[in-house]
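Subject: Structure handover

Hello,

Here is the structure we talked about. My notes on it follow below the entry.

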Amino acid sequence: MTAEIITIGDELLIGQVTDTNSVWISRALEDHGFRVMRKQTVGDDEPEILRALRESEQRVDVVLLTGGLGPTKDDVTLNALCKHFDTARHFSTEVHEHNQQLFAERGVEMNDLTRDQAMVPDNATVIINEVGTAPCTWFERRGCMVISMPGVPMEMKWLMTNRVIPRLQEYYGRKAGIAHRTCWVTGYTESALAMALADFERDLPDEVRLAYLPQPGLIRLRLSAYCSPQAVADRVADVLRLRLRTILKEHIIAEEDLPIEALLGRRLQAAGLTVGTAESCTGGAIAAAITSVAGSSAYFKGGIVSYTDEVKRRTLGVSAADLESVGAVSQPVVEQMARGAREALGCDLAVATSGFAGPSGGTPEAPVGTVWIAVATPSAVVSKEYHFGAARDHNISRAVNMALLMLFEMAATPEVQAPTA
């Protein structure tokens, strides 16, 4: 069962709004046995929408559209759909009454533009959008389903979860199986890992794919088995993941499809450990990553953004003499920051960063992109110097990732798991 996604809106093309809908829809479809073959974004342009519809309908079993269903003149998706399927529209009393009730609950008076949203295509199945005013329309022609949903993420997700996916499952059944397995790998560059897995990849069956998804300090390997039925896909994926374990051994640090901050959170919770941060060049980005995980209050004590030397001295107890003699971007300073944060915040582990993120700053000995990271534990401090590059955003994101990875690794060491009294 194959699918394509078309997201619609000028705001997506010019970068004013990020397309999160297609990401969410892709995951939802894959979880239910649909293989997404293509995504495309088009503007609020009727000829372009028609072109995209014609091409997609010829290639796949299901086409899902989001966006362009609002009440204003730039919302042209429904017009394009009516042209594509050669259909007129009629007034839906059911949609109108739903929208009236929705406006009444919000204490807002309905206007003529919203009333027009009850004009629906004659030859489509209309699905009430219980959390919004624009209904979902479902067309079928020559074995292809074309499903149009609002672009508002909350409304799209409600419709996909409660209406669209159940109907697709009822129609297609579970004809295909898709199984994904993830391995997080450290200690390799992407090219070195590909060389280590050359024989493994050569022997993969045609229905299996291996994807390399690199991050700073980490590579996420994703095995995807496309087999029928689902039990066969799961069995194939599990056998191949076992082979990866045999080849890569201790270089595999996790096997869950979660970001490093979520993996860190699970490890901290399992060990009953708490963590805090002291950040200079990363400006609180490590704390933001950690607290982006639901439930992080169980293990995150707090963060200190010590951007200036004064805060490093007063809040973290960094030696003024060291700041003067070796500078803030140095091993002694970052280690004192980590110790100071651990003491100030009362946590088991603390990570600290100090560096030149750029574009200005730096010295001949420590140019832009130089970042020191330290992790303080109950019994020791471990630190490392990194040289990332000249781009500020890149340097910050790499520093955050490496700091999280250092915490993840340190949280599993024996002296942290069983701290001395």
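**Backbone exceptions**

Pro-229 sits in the loop that runs between strand S11 (218-227) and helix H10 (230-248); helices (H or I, at least four residues) and strands (E, at least two) are DSSP runs, numbered from the N terminus. The peptide bond between Ser-228 and Pro-229 is cis, with omega about -5 degrees. Pro-359 lies in the loop between strand S15 (349-355) and strand S16 (370-376).

This is a predicted model, in which local features need pLDDT of at least 70 and side-chain atom pairs count only at pLDDT 80 or more, while totals for chains, interfaces and linings use all residues. Residues are numbered from 1 along each chain as its sequence is written, and side-chain values use heavy atoms, with hydrogens and water left out.

Most residues other than glycine have a negative phi, and most peptide bonds are trans. Arg-142, not a glycine, has a positive phi of about 50 degrees. Its place is the loop between strand S7 (136-141) and strand S8 (144-149). Arg-142 counts as exposed because its relative accessibility is 72% (buried means under 20% relative accessible area, exposed over 50%, partly exposed in between; 1.4 Å probe, protein chains only). Lys-249 also has a positive phi of about 50 degrees without being a glycine. Lys-249 is in the loop between H10 and strand S12 (252-254), and at 54% relative accessibility it counts as exposed.

**Chain totals**

The chain has 17 helices and 17 strands. Its C-alpha atoms fill a box of roughly 80 × 55 × 40 Å along the principal axes. Of the 421 residues, 49% are buried. Taking contacts (heavy atoms within 4.5 Å) between residues at least 6 apart in sequence, 66% join residues at least 24 apart.

**Helix pair H3 and H4**

The axes of helix H3 (residues 46-59) and helix H4 (residues 77-84) come within 9 Å and cross at roughly 50 degrees. Axes here are lines fitted to C-alpha atoms, for helices over the stretch in contact, and angles run from 0 to 180 degrees between N-to-C directions. H3 is therefore oblique to H4 (under 35 degrees counts as roughly parallel, over 145 as roughly antiparallel, 65 to 115 as roughly perpendicular, and the rest as oblique). On the H3 side the contact is made by residues including Ile-49, Leu-50 and Leu-53, and on the H4 side by residues including Ala-80 and Leu-81.

**Nonpolar cores**

A nonpolar core is a set of buried Ala, Val, Leu, Ile, Met, Phe, Trp, Tyr and Cys residues joined through side-chain atoms within 4.5 Å. The largest has 40 residues, and Leu-268, Val-275, Ile-290, Leu-349, Ile-373, Leu-404 and Leu-407 have the most contacts inside it. Elements giving two or more residues to this core are S12, helix H11 (260-271), helix H12 (285-291), S15, S16 and helix H16 (392-410). H16 supplies the largest share of this core, eleven residues. Another core, of 23 residues, lies apart from it and has Ile-5, Ile-25, Leu-64 and Ile-147 among its members.

**A buried serine**

Ser-306 is in the loop between strand S14 (300-305) and helix H13 (309-316). With 0% relative accessibility, Ser-306 counts as buried. Neighbours within four places in sequence aside, Ser-306 is in contact with Glu-279, Ser-280, Val-311, Lys-312, Leu-316 and Met-337.

Regards
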